[in-house]
Every structure is written in structure tokens, then in C-alpha cells.
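Reader: Please take me through the helices and the sheet of this structure, with the criteria behind each term.

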Amino acid sequence: MKPKVVRRYDKKIVVPEGGVIDSGESPGRKIRMPGMEHMVERVLISRGCLSKRIRTLAREIVRDYRRAESIQAIAILKGAAIFSADLIRTIFDLNGPPMGIDFIRASSYRAETESSGKVEILDALTDNIAGKDVLIIEDIIDTGLTLNDIKNYILRHQGVKSLRICSLLDKPSRRKQPIEIDYIGFEVPNYFVAGYGTDYAEHFRNLPFVVVLKPSILEGKS
Ligand code: PRP
């Protein structure tokens, strides 16, 4: 069976340069993370905005998969752990189809801020996803290398029925390989963002919102 790769550019929220998507996180709020606060420039996307946007994405997904028997979600670890957990429960709340959940652990950045350009699959799928309607869930698409590799791997080996991609964040200005994304939460400028699953050297993943880190940290000046 030839897999159907669904291509759709729909609505997305674009965070402008210098902008903030904030509905409730008090501006200038101190992040209580001993030894880390000084790295954070500001909250970029508040938890209220994240949850509102996730609801909208879930609604679109439920609509698009209304004829599907089930959705096979594949979350890309570690970054997508938090987003995928919220998204799949919201899909349930909105009476979406049954879902299978599997994970791929991939890394191209390790502890670096620049992609190595080599994507390593550290843990592969465990479910049999042949013939399934697959939804890949990512936290952020930057160069596009990680997702292109994962998508090609799935299309080559798994004989899926259809494949769609959902990413919370998209940084198109950094793209090295084009990739079509079906559901995008927020398009962000070329900031180093962290929080809500995304990290800087393994820190900040537990923040319930997305922050911008100070450029000086990334330049090693702190
Ligand atoms: C991050 C992120 C994406 C990928 C995006 O993962 O979670 O998977 O980078 O970057 P790209 O579009 O340039 O490939 P990372 O390799 O840092 O691993 P992590 O998910 O464990 O943080």
C-alpha cells in the first residue's frame, strides 16, 4: 500500500520578532530555577496560550481524522514528551478516535546548541505501525534534519497508511531541508527557545511555558 503523505498548510500563529504571545504569565516574572534564572530573557509563550493553541490543534486533528479507525501517534523524545502528553489527552477530550502511542528517541544536538547534522535514532519504535494513520508529534522543527530522517525512516520501513506531522514550534528561518508540516502551533523567530519540553543543555524542559534565552548565554558569555 502506497502511504498517503498529507500536505496541508493551514492556520498557524506567527510570533513576530520581538513579540510575546502571553495571556497571563506576568511580564518579567522571575523563573524560580536556582542558578538558571539569569539565563532567561523573557516568557515567549505563556501556559494559557499553549493550552488554547493545543486545543485548536486537537480540534483540527479530530476533524481531519474523523474517518480514521484510530490514530497512531509517534512522539519524538525527549523534546515532544510534554506537548504530546497534553495534545493526545486533548484529542481524547474532544472525542477523537482511539490512539496508539509510540516513541522515537532521536538526537542531533546532544548538549550542543547547533545541530550536528547527524541524526541519531537512540530508541526506535516498538509498535507495529504498518497500515496505520500515523501522526508524528514534535516539539520544534529547526533545520528540519531530524524530522526528515525520521519521516524517511518511517516511510521506508513501515508501510503506513498515511503520515501527518504536528509540531508545536516551527523556526523556518533555520531550515536546511524543506519539510511539510500539517499542524503548526507557533512559528517563532530565530530565538533560542526553551521550556515545555525543549531544552538548553537538558535544562528548562519542565517549564510549563516557553521562554527565550539570553543570547549571551549561547555565546558562552555568562
Ligand atoms: C531537538 C528537537 C527536535 C530537533 C529539531 O531535538 O526536539 O527533535 O532538535 O531540530 P532540527 O529540525 O534542527 O533537526 P534534540 O536533538 O535536541 O533532542 P531532544 O529532543 O532530546 O532535546
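Author: Buried here means under 20% relative accessible area, exposed means over 50%, and partly exposed lies in between, with a 1.4 Å probe and protein chains only. Helices (H or I, at least four residues) and strands (E, at least two) are DSSP runs, numbered from the N terminus. This is a predicted model, in which local features need pLDDT of at least 70, side-chain atom pairs count only at pLDDT 80 or more, and totals for chains, interfaces and linings use all residues. Residues are numbered from 1 along each chain as its sequence is written, and side-chain values use heavy atoms, with hydrogens and water left out.

Reader: Which residues of helix 3 are buried?

Author: Helix 3 covers residues 145–157, and glycine 159, with a positive phi near 55 degrees, follows it. The buried residues of this helix are Leu145, Thr146, Leu147, Asn148, Ile150, Lys151 and Ile154.

Reader: Is glutamate 60 buried or exposed?

Author: Glutamate 60 belongs to helix 1, which runs over residues 47–64. Its relative accessible area is 4%, so glutamate 60 counts as buried.

Reader: Which residue in strand 11 stands opposite valine 43?

Author: Strand 3 pairs with strand 11 (residues 210–213) in the antiparallel sense, over four bridges. The residue in strand 11 that stands opposite valine 43 is valine 211.

Conventions. Expected span 1.5 Å × (residues − 1). Pairing = 2+ DSSP bridges.
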